[in-house]
Structures are given as C-alpha cells and as structure tokens.
Amino acid sequence: MLNSVIIYCRPGFEKEAAAEITDLASAIGVFGYPKVIENSAWISFVTHDENGALQLMEQLDFASLIFARQWFAASPLMENLPEKDRIGPLIERVKEMERVKEVASGKFSDFRFSDWSVEYPDTNEGKELSPFCRKITVPLRQSLKRSGLLISSVKNAEKASEKLSNKFSSKFRLHLMFLSGREAWVGISRIDNSSSWVMGIPRLRQPKGAPSRATLKLEEAWHCFIPEKEWATRIPAGKRAIDLGAAPGGWTWQLVEQGMFVDAVDNGPMAPELMATGMVDHIQGDAFTYEPKKPVYWLVSDIADKPARVADLVGRWIAKGLCREAVFNLKLPMKQRYKEVLNCRNKIDARVTEAGIRYELRFRQLYHDREEVTGHIRVLIG
Ligand SMILES: C[S@@+](CC[C@H](N)C(=O)[O-])C[C@H]1O[C@@H](n2cnc3c(N)ncnc32)[C@H](O)[C@@H]1O
C-alpha cells in the first residue's frame with residue numbers, strides 16, 4: 001500500500017530527481033520506476049513491492065539526496081475526492097495506511113502523529129491551492145484528533161507514549177499533498193530522515209543590509225549542512241574565511257554576521273557598507289589562482305564558472321589543507337545536470353582521498369538555488 005515515494009524538487013528538475021532516486025534504489029535492490037510530469041515540482045517513484053516505498057526510505061539517508069527537497073512514502077493517489085466530504089475518505093486512508101505502517105515496521109505499537117502538514121506542489125498552479133489548503137487544515141486537524149490520529153505537540157507525544165508503551169515513539173510525520181481539490185497523496189516520512197521544513201522550503205527572510213539576494217544561499221546551506229547547535233564552533237567568530245567570487249558581498253555579509261574576518265576575492269566591487277565593517281579585505285584577483293598564505297577555517301565559493309573548474313579548486317584546497325570546511329556553488333549546464341554533479345563529486349572524492357584526508361561531502365539543490373547545486377565538504381579530524 002505504501003508503494004510510492006513522493007519527492008519534491010525544484011520545478012524543471014524532475015528528470016534529475018527521478019534519475020537520482022532510480023539509481024539509488026537499484027543500487028540497494030529496491031526495484032521500481034519513476035513517474036515524471038515536467039515542471040510539476042514533484043515526482044513519484046513507484047516500487048514493485050507493495051510496501052517498497054517505506055523500505056526504500058528506511059535504507060536511504062535523506063541527507064545524501066541532491067535534488068530532493070522533501071520526500072514521503074505514499075499510498076496510491078486518491079482521486080475523485082467528493083467535494084461535499086473530502087475529509088472522511090482522507091481520514092479513512094490515514095487509518096488504513098497506519099495499519100500497514102505497523103506491519104511494515106513491526107515495532108510501533110501506536111500510530112499517532114505529532115507532526116503533520118497539508119501541502120501542494122511548489123509551482124504557480126500549486127500555489128493557487130494554498131487558500132484551499134489553509135481552509136481545509138482546521139477541519140482536518142479536528143477530524144484527525146477526533147479519530148485519535150493526532151497528538152498536538154511533540155512534548156505531548158512523548159508523555160502519551162510513556163504511558164502507552166516504551167516502544168512507541170512518534171517517529172513519523174503525516175503528509176497530505178493536494179494536486180487539486182479532488183486529488184491528494186497521503187503518506188508518511190520519518191521525522192529523523194527527511195527535511196524538517198514543510199515541503200523542504202526554508203522560511204528565511206532576506207536580511208536587511210545584506211548586499212545581494214544570493215546571501216540566502218549561504219544561510220540556507222548552513223541550515224542544511226550544519227546542525228544549528230554546532231554553528232558557534234564550526235562558524236567560529238574571530239577566525240578567517242575566504243569568499244571566492246564574492247562581489248557584491250552577500251556571502252561575505254553572512255560570514256561577517258557570524259563574526260568572521262573575510263578575504264573577499266573578486267574583480268567586481270564589494271558593497272561599501274560591508275567594507276566599512278573593517279572585517280573584510282577585498283582582493284581583486286583571480287579566484288582560481290588565489291591561495292591564502294596560512295590555512296583558514298572556511299572557504300566559500302559562488303564563482304560563476306564551469307562546475308568542473310570549481311570542483312577542481314575545492315579538491316585542491318582541501319587536499320592542500322588550506323581550509324577545514326567549504327560551501328561551494330556549482331552552476332549547472334543546460335543538459336546532463338545530474339551527471340555533471342556526479343562528475344564533480346568524483347573529482348573531489350579522487351583528489352581528497354588521494355591526499356589521505358578523511359572528509360564528508362554532500363550536495364543539495366537548495367530552495368534558493370536556481371540552475372545550480374550547493375556542495376559542502378568538511379575535513380574530519382581524529
Ligand atoms: C553569483 S556572483 C557572487 C555573488 C555573491 N556570492 C554574493 O552573495 O553577493 C559570482 C561572482 O563571481 C565572480 N567571478 C567569476 N569568475 C571569477 C574569477 N575567476 N575570479 C574571481 N571572481 C570571479 C564574478 O565577478 C561575480 O561577482
């Protein structure tokens with residue numbers, strides 16, 4: 001019954017998201033096929049096994065996916081929801097699905113949710129559903145509660161679970177994704193193996209004073225790649241960072257906000273207010289030949305150039321011990337975009353492994369990325 005993995009992605013990147021999940025699924029022996037509607041901002045991957053979606057998601061690490069913003073294991077698409085009572089059939093479906101979940105996972109003695117969301121695709125058409133989704137949320141919540149399917153908060157869930165059973169934990173989030181007023185996917189994701197943002201879309205505000213909108217890419221990258229409790233030690237105030245392709249300074253602004261000193265490398269002009277902080281040195285030169293005299297903690301790069309060149313640069317910096325962590329943006333070509341990211345990953349893997357360095361490397365197409373993906377590499381010490 002839970003045989004479709006629904007994946008949200010950036011509109012226009014459905015083929016990439018599909019190729020990626022198909023590759024990963026076949027590598028672990030879960031067989032199925034993707035279904036793609038171009039520019040719909042979501043795909044489904046249908047598994048041959050009746051409950052294959054949940055099995056697939058149990059075996060994959062959401063953090064390792066590049067093109068997925070969010071995912072959930074869904075039961076078959078609900079079509080023809082009656083306009084007069086959409087809620088009744090939806091609740092029935094959640095109940096049915098829950099029974100399967102228990103059987104599939106074998107270890108849950110309770111099936112209530114503490115986290116749930118009403119969703120729609122991130123397209124103009126999808127956004128037209130937003131008022132409808134807002135409207136249906138309140139009665140849906142009431143019905144879910146009345147049916148004993150919902151616990152209002154995580155705290156309550158923990159309390160209730162203590163009483164009911166030691167085994168129970170509210171591990172799953174419920175997703176109700178509407179494609180129209182009559183069609184919906186109903187499914188679940190593991191809270192600890194999915195995005196904590198609804199539909200994988202972070203609610204970040206353009207900071208006042210940041211010189212470009214690109215600033216949000218670096219902020220989102222940190223949210224995505226670094227647990228917030230580690231920000232203070234891993235984006236350490238007082239230490240130095242290098243920003244390659246820095247102008248006008250949106251990424252530099254983020255680093256300065258964290259209290260870091262920045263060498264900003266770009267031939268273009270930096271925002272005067274940022275230079276006035278006294279924490280930035282503007283180096284007018286070529287990002288591909290520049291190297292710091294002493295190793296620094298952070299390298300960030302938003303250079304507009306070929307992705308393979310940027311991957312070579314990042315591999316070299318890490319292999320030579322020039323930085324500990326890097327966030328870098330890869331501007332993707334028009335075609336073969338998934339393959340291009342894999343090529344770049346292989347280049348970095350080869351160079352850093354050859355240098356005998358332990359590291360972790362991830363890529364993600366962030367919400368604020370356009371025709372690009374963001375990479376993060378961190379040297380592991382000890
Ligand atoms: C997307 S913009 C960077 C925006 C910046 N991260 C921000 O938040 O304001 C790309 C920058 O890369 C710079 N760039 C491209 N090739 C470069 C190179 N070889 N050396 C230095 N900068 C380069 C461009 O001048 C441009 O300012």
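The questions and answers below go through a predicted model, from its domains to single residues and the ligand.

Residues are numbered from 1 along each chain as its sequence is written. Since the model is predicted, local features need pLDDT of at least 70 and side-chain atom pairs count only at pLDDT 80 or more, while totals for chains, interfaces and linings use all residues.

Q: What distance separates the centres of domain 1 and domain 2?
A: The protein chain is assigned domain 1 (4–200) and domain 2 (215–379), with bounds that come from an automatic or database domain assignment. The centres are taken over C-alpha atoms. Their separation is 33 Å.

Q: How many residues of domain 2 are in contact with domain 1?
A: Two residues are in contact if their C-beta atoms, placed from the backbone, lie within 7 Å. On the side of domain 1, eleven residues take part. These divide into five nonpolar, two polar and four charged; Ala, Val, Leu, Ile, Met, Phe, Trp, Tyr, Cys and Pro count as nonpolar, Asp, Glu, Lys and Arg as charged, and the others, Gly among them, as polar. The number of residues on the side of domain 2 is nine.

Q: Which strands are at the edges of the open sheet of seven strands?
A: Strands (E, at least two residues) and helices (H or I, at least four) are DSSP runs numbered from the N terminus, and two strands pair if DSSP finds at least two bridges between them. The order in this sheet is 2-3-1-4-7-6-5, with mixed pairing. An edge strand pairs on one side only, and this holds for strand 2 (32–36) and strand 5 (115–119).

Q: Which residue in strand 3 stands opposite Pro34?
A: Strand 2 and strand 3 (residues 42–47) run antiparallel and are joined by five bridges. In strand 3, the residue opposite Pro34 is Phe45.

Q: At about what angle does helix 1 run to strand 2?
A: Axes are lines fitted to C-alpha atoms, for helices over the stretch in contact, and angles run from 0 to 180 degrees between N-to-C directions. Helix 1 (residues 14–27) lies across strand 1 (4–8), strand 2 and strand 3. Its angle to strand 2 is about 175°.

Q: Is Leu150 buried or exposed?
A: Leu150 lies in the loop between helix 5 (130–146) and helix 6 (154–164). Its contacts, leaving aside neighbours within four places in sequence, include Phe113, Trp116 and Leu144. A residue is buried if 20 or more other C-beta atoms, placed from the backbone, lie within 10 Å of its own, exposed if 12 or fewer, and partly exposed in between. Because Leu150 has 21 such neighbours, it counts as buried.

Q: Why does Asn80 count as exposed?
A: Asn80 is in the loop between strand 4 (70–74) and helix 3 (87–105). Although it is not a glycine, Asn80 has a positive phi of about 55°. Asn80 counts as exposed because its C-beta neighbours inside 10 Å number 8.

Q: How many C-beta neighbours inside 10 Å does Asn39 have?
A: Asn39 is in the loop between strand 2 and strand 3. Its phi is near 60°, a positive value in a residue other than glycine. Asn39 counts as partly exposed because its number of neighbours is 13.

Q: Which residue does a cis peptide bond join to Ala247?
A: The omega of this bond is about 0°.

Q: How many of the eight residues of helix 9 are buried?
A: Among the buried residues of helix 9 are Trp251, Trp253 and Leu255. The buried residues pack against elements including helix 7 (215–225), strand 8 and strand 11 (296–301). Helix 9 is largely enclosed by the rest of the structure, because its buried residues number seven.

Q: Which residue in strand 10 is the bridge partner of Asp263?
A: Strand 9 (residues 261–265) and strand 10 run parallel, joined by four bridges. The bridge partner of Asp263 is Asp281.

Q: How many residues surround the ligand?
A: A residue is near a molecule or strand if its C-beta atom, placed from the backbone, lies within 6 Å of it. The closest residues to the ligand are Ala214, Gly245, Gly250, Ala287 and Asp302. The shell divides into eleven nonpolar, seven polar and four charged residues. The number that surround the ligand is 22.
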